[in-house]
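Biologist: Let's go through this model together. I will ask what lies behind each label.

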Amino acid sequence: IMQVPLWVEGHATAFTPALTRAAMTWLRVFRCCKRPGFGRLPNSTSSSDGRSSDTTTGSPPSQLKDPESGEPSTSLGQVHKGPNLSEPQTQPSLVDNLGNPTTSVAEAKGTTNSALDGASAEEQGLLDRISHLVDEEHDVLLAEGLLAELEGSAKSGPRWDAVLGLPVFSRFRSRMECFTEVGNACFDNDGEWFQAYEDSTKTRSIHGFLDPRDGRQLSYRVRVQIPASLRNVVAVANEVELLPEWNKLVVSAPEVVGRRTAHYLVLNYQMSILGGLKKVDICNEIWRFSDVRGGFVAEHIESVPEGHPSYRAPKAGYVRPKTVLKNVWVACGPQQTVFIQSGKLTLPYALPRWLAAKIGGIAGHFILEGLVRSSLQSTVPGNPWEKLLEADRLGLYSRIGECIASKESQARQPPEVNEQGNIRVADFDLRPQFGRRSIQRMDSESTRPLFPLDSL
């Protein structure tokens, strides 16, 4: 149970002394239960996020068209230039956390050149750019737009079938399925979910779901409205070098393992909880998806498995919790953000629903208050995030600016916001945006889309 605060640790949660008091309260509650097995920590979660870079050289990418309106779309066709990555850097993993082998850009280019004989220079350029986005930048939503353009050029015929057979397309497909999985986890309401916590403004809540087949499996969903721009909120979690400044449980400087981009990161750091009673070593692989049309940023976060090129063994005296998190950061106009996190805890023993709800109520106030408080640190004049936001050395915040300016973001904006910023954003369901595809045919054996909207 002491592991519960790690639900939202890596995503703008400030662990204050108040949270420590809350943890001690949970201990007292469970001592009253006098159940066997108390004191064993469940497998739980913890996380962090990523950052972007674009190292493309040569001619700029083709301007894409919005598949719905047919008008030129800067959100799909532009990539923001980042730093010069000619300096020595660790190469990306050869095997990702989804179990898919990756290749270098050179290998990907060799594959596409041999597979598409007769392709025009423009089509070959698109393929090279797509390979770079999928295997180097890990920007699969931008790659999707380019693939849609290539599909139109090939008229979805035999040459498109050849594209569908490329290894790089298989990796693209797998990561798009991961993207859809995030949306389903964060917005699926199937099952008997119960409300564990909601504040008086109805802008902060925790819901839970106990697996009827195994009462130790507790799924949870956090929803928090933060009165700040999506850029500022993401910056607090994204600038990992500042993590020890606002999360005092972090005991060492976070280490970025390998090459970092806007949409991919492996992060390793250590935390000490309750005065060293519990020491945790976090090593997470973070995939990020920035959806400009939908006005949101999604994340899939999972512990790096042994055998992964970026795996780091826990330091002596520390334990490694198993992490699987799905996050969505949603722009709701220029000054409101809704953060949704879905995760699962394996408890030491089965809990009745009423007790799970009681614990959530005790913890909810402290955890979610801390999340909002730390997220707002980047809005205070003179804060350490100001210069980093302005420099935007990897292009992430410019992309997020496009998310904020999107029509769907503006449509979610509350009609007016008072000085306290606690006007509630109306409930929304982003599963249609997660299921929407620019590509019409993703399987050479079928003309139906891989993720039809009518299946949602």
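Biologist: Leaving aside neighbours within four places in sequence, which residues is I400 in contact with?

Modeller: This is a predicted model. In it, I400 is in contact with L230, R231, V234 and V297. Contact here means heavy atoms within 4.5 Å.

Biologist: What makes helix α8 largely enclosed by the rest of the structure?

Modeller: Buried means under 20% relative accessible area. Eight of the nine residues of α8, residues 230-238, are buried, so the helix counts as largely enclosed. Among them are L230, N232 and V233.

Biologist: Why is S229 called a cap of α8?

Modeller: The cut-off for a polar contact is 3.5 Å between N or O atoms. A side-chain oxygen of S229 lies 3.2 Å from the backbone nitrogen of R231.

Biologist: What joins β10 to β11?

Modeller: Six bridges, again antiparallel. One partner pair is W329 and F339.

Biologist: Which residues touch the most other members of the largest nonpolar core?

Modeller: I226, L230, W329 and I400, out of 59 residues. Helix α10, residues 353-375, gives this core its largest share, eight residues. A second, separate core has 46 residues, including L150 and F296.

Terms used. Residues numbered from 1 in each chain as written. Predicted model: local features only at pLDDT ≥ 70, side-chain atom pairs only at ≥ 80, totals over all residues. Heavy atoms only, no water. Buried < 20%, exposed > 50% of the residue type's maximum accessible area, 1.4 Å probe, protein only. Helix = DSSP H or I, 4+ residues; strand = E, 2+ residues; numbered from the N terminus. Polar contact = N/O pair within 3.5 Å; in protein donor to acceptor, adjacent residues only side chain to side chain. Pairing = 2+ DSSP bridges. Core = buried A, V, L, I, M, F, W, Y, C linked by side-chain atoms within 4.5 Å.
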